[in-house]
Amino acid sequence: MSDDDVRRARWRLVLGAEAAAACAVPGGGTGDAGEPLSDEQLAQDRALTFLYERETGSDRRSGGLGGGDGLTVSAWINDVRELFPRRVVERLEHDALDRYGLLELVTDAEVLRQAQPSMTMLKAVLSTKHLMKGEVLDEARRIIRAVVDELRERLAREVVSPFAGTLDRRRPTRHKVAANFDAKATIRRNLKHFDLASGRIVINQPLFSSRVRRHVDRWQVIVLVDQSGSMVDSVIHAAVTASVFTALGTLMDTHLVVFDDRVVDLTERAGDPVETLLAVQLGGGTDIAQAMAYAAQLVTRPDRALVVLITDFCEGGAVGPLLATTKALIESGVTVLGLAALDADAVPGYDRGTASRIAALGAHVGAMTPHELAVWVAERVA
């Protein structure tokens with residue numbers, strides 16, 4: 001296939017069947033009437049048309065579930081998984097859910113079985129899980145578990161590391177484990193073994209350093225998470241981060257509380273982010289003052305308590321009660337951290353006016369990734 005034919009095929013896939021004549025190969029092609037697409041590309045075009053025909057309103061679907069050629073959502077997702085690489089599959093699923101509202105992707109057990117676990121799929125499941133039961137809910141749980149396990153594995157390293165202590169390079173140790181390996185000292189000690197021929201250093205004597213442990217009193221960490229509809233990304237990360245904090249039980253007593261216009265204490269589920277997310281009900285109003293008042297009731301020792309408020313600071317009622325409760329907590333000795341909501345790209349979105357008034361009372365207010373939050377907490381409890 002010539003370069004011109006490749007370009008024609010690509011444009012034909014981008015523009016759809018309406019551009020078949022404009023992209024036709026002069027003198028004939030791989031298909032009828034000079035069609036530039038191969039059989040596999042025609043199958044790709046069929047899958048793309050099923051989704052993106054909604055863009056122009058040329059909806060040939062029958063009964064809302066499939067195209068005029070009989071393609072169903074279940075068959076479509078099976079096709080795209082076979083025809084496209086994973087990154088493209090995730091993009092197509094993202095558009096199907098977020099752009100066109102194809103809820104069949106997350107409310108049909110067979111479709112869920114074939115779906116690629118991703119953050120987009122997880123958010124769609126959380127938004128529609130109230131519609132699920134039986135086999136559908138079981139498959140949804142599998143999607144949640146797959147995404148959360150991958151996220152937790154990554155965040156666990158980022159969150160736990162600030163609590164692990166630091167290397168004391170002045171004190172060598174015979175405890176030869178990877179965590180204690182002193183790379184810089186090892187390179188310096190073995191430079192005399194540099195091999196010019198291979199360009200490598202031969203390590204005859206690896207060096208290990210002892211580790212300075214953080215000796216801390218047990219702190220109480222109360223995580224309050226706004227579960228209003230716009231907070232889905234923050235809810236997911238907060239649930240996973242809280243589960244990692246819970247695993248540090250010897251260092252801290254972690255409480256996890258979600259709220260909208262009600263307050264729900266999920267502390268008993270905090271160790272399992274899957275169960276936490278299944279319990280979350282996204283949507284509803286926002287009563288931050290009520291959540292802060294509940295946190296105040298949980299505090300047992302103010303000078304060893306952290307209240308981490310994750311919200312967009314868009315208070316649903318009067319701001320006065322929120323400010324009064326926050327002020328009382330701070331004056332009692334509680335450390336208050338207000339975290340602005342972060343979206344999937346870590347871009348903060350919040351009411352700066354309310355956040356500024358809370359900061360003026362002595363609260364720490366900002367936007368942090370889970371790793372930055374762990375570093376901040378570790379510095380406070382050390």
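This is a predicted model: local features need pLDDT of at least 70, side-chain atom pairs count only at pLDDT 80 or more; totals for chains, interfaces and linings use all residues.

Visitor: Which residues of α7 are buried?

Guide: The buried residues of α7 are Thr 120, Met 121, Leu 122, Lys 123, Ala 124, Val 125, Leu 126 and Thr 128. Helix α7 covers residues 119–128, and eight of its ten residues are buried, so α7 is mostly covered. For comparison, 45% of the 382 residues of the protein chain count as buried.

Let us see what lies beside α7. Helix α4, made of residues 86–99, packs with α7 at an angle of about 25°, and their axes are 9 Å apart. Because angles under 35 degrees count as roughly parallel, α4 and α7 are described as roughly parallel to each other. Their crossing is left-handed. On the α4 side, the contact is made by Glu 93, His 94 and Leu 97, while α7 brings Thr 120, Met 121 and Ala 124.

Now follow α4 to another partner. Helix α3, residues 73–83, packs with α4 at an angle of about 150°, with the axes 9 Å apart. That angle makes α3 roughly antiparallel to α4, since the cut-off for that description is over 145 degrees. In this contact, Trp 76, Ile 77, Val 80 and Arg 81 of α3 meet Val 89, Leu 92, Glu 93 and Ala 96 of α4. The residues here divide into six nonpolar, no polar and two charged. Look for Glu 93 in both places: Glu 93 takes part in the contact of α4 with α7, and Glu 93 is also listed where α4 meets α3.

Thr 254 is in strand β6, which runs over residues 252–259. Its relative accessible area is 7%, so Thr 254 is buried. Beyond its neighbours within four places in sequence, Thr 254 is in contact with Val 221, Ala 242, Phe 245, Thr 246 and Thr 267.

Phe 313 sits in the loop between β8 (305–311) and α13 (320–332). Phe 313 counts as buried because its relative accessibility is 0%. Its phi is near 60°, a positive value in a residue other than glycine.

Ala 22 lies in the loop between α1 (3–15) and α2 (39–56), and counts as exposed at 67% relative accessibility. Ala 22 and Trp 11 are eleven residues apart in sequence, and 9.5 Å separate them in space, C-alpha to C-alpha.

Finally, step back to the whole chain. The protein chain has 15 helices and eleven strands. Among its contacts between residues at least 6 apart in sequence, 73% join residues at least 24 apart. The protein chain exposes about 19,300 Å², and carbon and sulfur atoms supply 51% of that.

Key
Residues are numbered from 1 along each chain as its sequence is written. Side-chain values use heavy atoms; hydrogens and water are left out. Axes are lines fitted to C-alpha atoms, for helices over the stretch in contact, and angles run from 0 to 180 degrees between N-to-C directions. Helices (H or I, at least four residues) and strands (E, at least two) are DSSP runs, numbered from the N terminus. Angles under 35 degrees count as roughly parallel, over 145 as roughly antiparallel, 65 to 115 as roughly perpendicular and the rest as oblique. A crossing is left-handed if the near helix is turned anticlockwise from the far one by less than a right angle, and right-handed if clockwise. Contact means heavy atoms within 4.5 Å. Buried means under 20% relative accessible area, exposed over 50%, partly exposed in between (1.4 Å probe, protein chains only). Accessible areas come from the Shrake-Rupley method with a 1.4 Å probe; for residues, only the protein chains shown count as cover. Ala, Val, Leu, Ile, Met, Phe, Trp, Tyr, Cys and Pro count as nonpolar, Asp, Glu, Lys and Arg as charged, and the others, Gly among them, as polar.
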